[in-house]
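Please keep the sequence and the model in view while reading.

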Amino acid sequence: MRLVYLFCFATLMMVGCSENNKNEPANDSGTDGGDSEVNNINNSQLFTCTQDGRDGIEVDGICFLDYGVDSEFGYNAYLAASVTGGDNPPQNVIDGYATWNTRWEISGNQWVELRLPSIESINRVGLSFMKGDEYPFIFTITASVDRQNWVTVYDGQSSGESSNTEYFYLDTAVDANHIRVELNGNTANSMNYLQEIRWGNQSEPHSYPQSSLTPSDSCSYYNSNLASIPGPIFISTFENGASNPEVGDTLVNTEGGSTLDAVDNPFTDSCNGSGKVLEVISLPNGSNAKTRAEYHNAPRMPLNERTYIYTWKQYFPEDFLNELDVNWMIFSQWKTWPCGWYDSPSASDYPSDSPINYSSVNYDNYICEGGGIFNHLSYVPSRNTLSFEARARPDCAYLEHQPIEGQWNTYILEVYWTNTDNGYYKLFLNGEIIAEAQDVKTLFDLHPGINGYSTCDMYWGLGVYSSWTSNSINNFSVYFDDIAIFDKDQGATLEQLCPGCPE
Ligand SMILES: [Ca+2]
Ligand SMILES: [Ca+2]
């Protein structure tokens with residue numbers, strides 16, 4: 001089982017910066033995409049050429065155009081390319097979105113070059129390709145301050161395993177005012193489908209030993225005495241035989257006939273010997289219908305710049321996934337709701353004295369794939385994997401692992417919630433780290449809690465929310481137990497919850 005580590009990095013374009021540092025290196029604060037000491041393009045005196053009715057800066061006879069990337073997530077750079085225009089034009093590679101429908105599509109040997117508004121210290125460049133998960137793309141990335149001396153950042157192929165951003169690192173950061181990418185098709189044909197270019201100076205992610213994900217019947221690493229851990233926000237062990245939590249409040253949401261209830265543990269093993277667990281019974285539904293049985297935490301909990309440790313135990317019966325024809329299936333969600341309902345926030349999320357007009361906020365612009373559902377753990381039928389999806393745009397990450405059936409499994413997720421580039425996720429399964437992203441944005445911009453406009457949390461829901469059918473079974477059950485959230489700022493640590501887990 002291959003682990004998928006995908007990292008995309010955030011940048012907010014600085015609008016209205018001074019131009020004091022125009023010819024000086026940007027600082028080396030570990031940010032990406034030029035969001036520090038970036039000079040504003042808004043100075044017509046800078047423009048020295050015009051092409052296709054657009055202003056630009058001429059360097060060595062090349063006109064680097066200002067495409068007016070002024071969206072909140074746009075990357076601040078001028079761009080020149082071997083061709084212009086087309087249905088999927090080259091400027092799409094700096095529109096801020098690493099998505100297939102914002103790609104530059106062109107065949108053959110082509111180049112695109114960025115002129116950064118100022119000299120920046122960079123140690124990596126990231127590219128993403130549509131169909132990047134189908135075959136490797138072939139390219140060379142170089143960087144230069146003066147277009148005379150070029151440093152090769154990478155010369156080779158993409159992995160062929162992902163259409164998300166893949167970063168290519170230098171051992172040592174260099175100053176750069178130009179970043180050039182020469183494309184040469186892919187290993188299957190001559191097409192280039194470059195979605196986006198990103199750059200910056202960030203530490204390389206830690207590499208952890210790849211988990212074998214061999215089901216383990218040893219759970220000695222796990223501290224089941226949840227009551228002993230400080231900073232509890234929410235704890236449900238179901239030992240009282242009801243679905244009521246010991247700490248916090250719950251919200252139960254069912255539809256389509258699916259149910260949940262506290263029951264005797266039908267699969268007592270060394271990973272969960274407790275008497276009572278939560279059973280979710282999921283019923284099939286038609287291809288466009290859905291069925292739901294979710295158990296949510298419901299306490300108010302401020303998220304911004306806070307670190308929480310979420311844990312839960314989960315039991316999937318043996319082979320149950322093989323019995324199903326799954327359209328989609330989600331086992332866990334972190335929802336923006338009640339901080340605004342799905343696509344847009346509500347007036348109460350942004351009080352009238354806030355500078356943000358709530359009615360103009362569309363979460364689709366801030367959450368990868370849009371909508372009001374934030375992170376989630378879902379089943380990917382085509383690959384038979386579970387995907388933990390982190391969705392703070394533009395740091396979309398899809399962190400997959402193999403589902404383990406026929407035993408109790410313990411998940412632990414530690415998240416530092418922030419909309420800066422300093423956030424992280426660590427996801428553990430049975431004491432092994434199975435997915436991690438760091439130096440990423442974990443909380444989406446304009447989340448009402450960021451500026452203290454409200455204490456919106458994200459409701460965390462566990463259960464089954466799905467659309468599935470089956471020729472062989474009429475329902476299935478999955479089980480959950482020891483559902484808890486701890487506040488690291490109140491003293492909870494991974495070591496207390498999971499002695500021996502890697503920090
Ligand atoms: Ca794009
Ligand atoms: Ca229990």
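In this predicted model, strand E17 (residues 325-335) and strand E18 (residues 373-380) run antiparallel and are joined by five bridges. Within this pairing, Met 329 stands opposite Tyr 379 of E18. Both strands belong to an open sheet of seven strands, whose order is E12-E15-E24-E17-E18-E19-E20, with antiparallel pairing. At its edges lie strand E12 (250-255) and strand E20 (397-401), each of which pairs on one side only. On average, neighbouring strands of the sheet are turned by 15° against each other, direction ignored.

The loop between E15 and strand E16 (306-315) contains Glu 305.

Attention may now turn to the interior. In soluble globular proteins, nonpolar side chains tend to be buried together. The largest nonpolar core here comprises 74 residues, and those touching the most other members are Leu 278, Leu 427, Phe 428, Phe 480, Ile 485 and Phe 486. Strand E25 (residues 476-487) gives the most to this core, contributing eight residues. Leaving aside neighbours within four places in sequence, Ile 485 is in contact with Ile 233, Phe 234, Asn 297, Tyr 308, Tyr 310 and Trp 460. Apart from this core lies another, of 33 residues, including Ala 77, Ile 94, Phe 129 and Ile 197.

Methods: Residues are numbered from 1 along each chain as its sequence is written. Chains are lettered from A and ligands numbered from 1 in the order in which they are written. This is a predicted model: local features need pLDDT of at least 70, side-chain atom pairs count only at pLDDT 80 or more; totals for chains, interfaces and linings use all residues. A nonpolar core is a set of buried Ala, Val, Leu, Ile, Met, Phe, Trp, Tyr and Cys residues joined through C-beta atoms within 7 Å. A residue is buried if 20 or more other C-beta atoms lie within 10 Å of its own, exposed if 12 or fewer, and partly exposed in between; C-beta atoms are placed from the backbone. Helices (H or I, at least four residues) and strands (E, at least two) are DSSP runs, numbered from the N terminus. Two residues are in contact if their C-beta atoms, placed from the backbone, lie within 7 Å. Two strands pair if DSSP finds at least two bridges between them. Axes are lines fitted to C-alpha atoms, for helices over the stretch in contact, and angles run from 0 to 180 degrees between N-to-C directions.
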